[in-house]
Amino acid sequence: MKSSSSDLGPQYLPYGRQVIDEDDIAAVVAVLRSPWLTTGPTVDEFESSLAQFCGTTYAVAVSSGTAALHATMASLGIGPGDEVIVPAMTFVATANCAVFQGARPIFADVQADTLLVDPQEVEQKVTACTKAVIAVDYAGQPCDYDRLQQICVLHGMSLVADACHAIGGSYKGRAVGSLARISTFSFHPVKNMTTGEGGAVTTNDQELAARLRRFRSHGVTMDFRERLKGGTWYYEMVELGWNYRLTDVQCALGLSQLRKLPGWIERRNVIAELYSAAIKAARLDADVRPLGRACYEHRHGWHLYVVRVPPHRRAAIFTAMRKDGIGVNVHYLPVHLHPFYRQRFGTGPGLCPVAEAAYAELLSLPMFPTMTENDIARVVESLRAALGATDRA
Ligand SMILES: *Cc1c(COP(=O)(O)O)cnc(C)c1O
């Protein structure tokens, strides 16, 4: 039999993990027994629930967070010759989506304490070619959307939120998903809720929502169910699109997960507090520094619990903790340092020094809602021992 936690053994604590209960399983099984496995009513239902949850008019479900970003770029008409400003500290997909469309990603540095995109940097990187700014709610903490929106309005750019870390969070009382012209989510198992693979885009713009729907289904004007309802076989392809659809099976899981998300976010916030208290109690706070919190009112989504450790000791701490069965990770190598970007766009060290310096110190500790206080104690004890060992080394 397979181990219940992972192939690394039942004691292994991954940096993130999905929560699946019997309700989720029953919801998926019910759709498997229904006539519609894809393009069916459960997709509509999931989209309405998600839009309601985010306080937007529209939600469009797609097959991944990457598909959500790609569809977003396409719906904004971004193409060759355009520039898209993205933070250096993010997952590669945030920048890749501009490249998919033949546009150029321009890397903006992040703020040293929060690792959220620095609005001043954004302003400095604007050119006549800039069409959009993608804000990333790194680790789950919402960016300063009022500030970013002002800059975007001033320069006629679209503000996009890559909210893949932050679903369930809020900014000045407004839900994540409603904070930019268009917002994207991922439902990969490691994120705050899951559909296996999956993603979504939220917006209040009817025109954008229509373009997103067309783009996710081959650039075709009517989907199968609409044609069935309308009693017609006729459809037209008006642009190049993809098959980025999310199935009804996945949407059933998404609907069931969405109902539990607020409780999980609550729990993630508690775990974050327990972590910082335990780090202080173990007197590790000189060497282990949790990320800073933004000063505006917000609710953190806590996708990741990221700490900074002395850079020359990070590798040893990482190895020692992995040996203890603690699935620590590093999020992220700044995007402009990846070989693809260096070769294609001539980026490299020195372009975003704050992100580069932070990268050398970053360590993501395990964070998922079903973690126990005992798990947290185990992580902090392993961290303490690892620090002690590297001290002696
Ligand atoms: C996970 C993630 C994505 C991509 O989502 P997938 O569903 O894996 O395609 C994009 N941006 C960020 C910030 C992410 O964390």
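Predicted model: local features only at pLDDT ≥ 70, side-chain atom pairs only at ≥ 80, totals over all residues.
Residues are numbered from 1 along each chain as its sequence is written, and side-chain values use heavy atoms, with hydrogens and water left out.

The chain contains 13 helices and 13 strands, these being DSSP runs (helices H or I, at least four residues; strands E, at least two) numbered from the N terminus. Its radius of gyration, 21 Å, agrees with the value near 21 Å that a compact globule of 393 residues would have; the radius is taken over C-alpha atoms, and the globule rule is 2.2 Å times the number of residues to the power 0.38. The C-alpha atoms fill a box of roughly 75 × 55 × 40 Å along the principal axes. Of the 393 residues, 55% are buried, where buried means under 20% relative accessible area, exposed over 50%, and partly exposed in between (1.4 Å probe, protein chains only). Of the contacts (heavy atoms within 4.5 Å) between residues at least 6 apart in sequence, 72% join residues at least 24 apart.

Helix α6 (residues 145-155) has Y145, L148, I151 and C152 as buried residues. Seen down the axis of α6, the buried residues fall within an arc of 125°, so they line one face of the helix; the arc is that of the directions from the helix axis to the C-beta atoms. An α-helix has 3.6 residues a turn, so residues three or four places apart point the same way. The buried residues of α6 pack against α5 (119-125), β4 (130-136), β5 (158-162) and β6 (170-171), while Q150, V153 and L154 are exposed on the other side of the helix. After α6 comes G156, with a positive phi near 65°.

Positive phi values also occur in residues other than glycine, including A139, near 70°, and T39, near 50°. A139 lies in the loop between β4 and α6 and is buried, with a relative accessible area of 2%. T39, in the loop between α1 (22-32) and α2 (41-54), counts as buried at 16% relative accessibility.

A cis peptide bond, with omega about 5°, joins H331 and Y332, and Y332 is found in the loop between α10 and α11 (339-345). Within helix α10 (residues 314-323) lies A315, which is exposed, with a relative accessible area of 52%.
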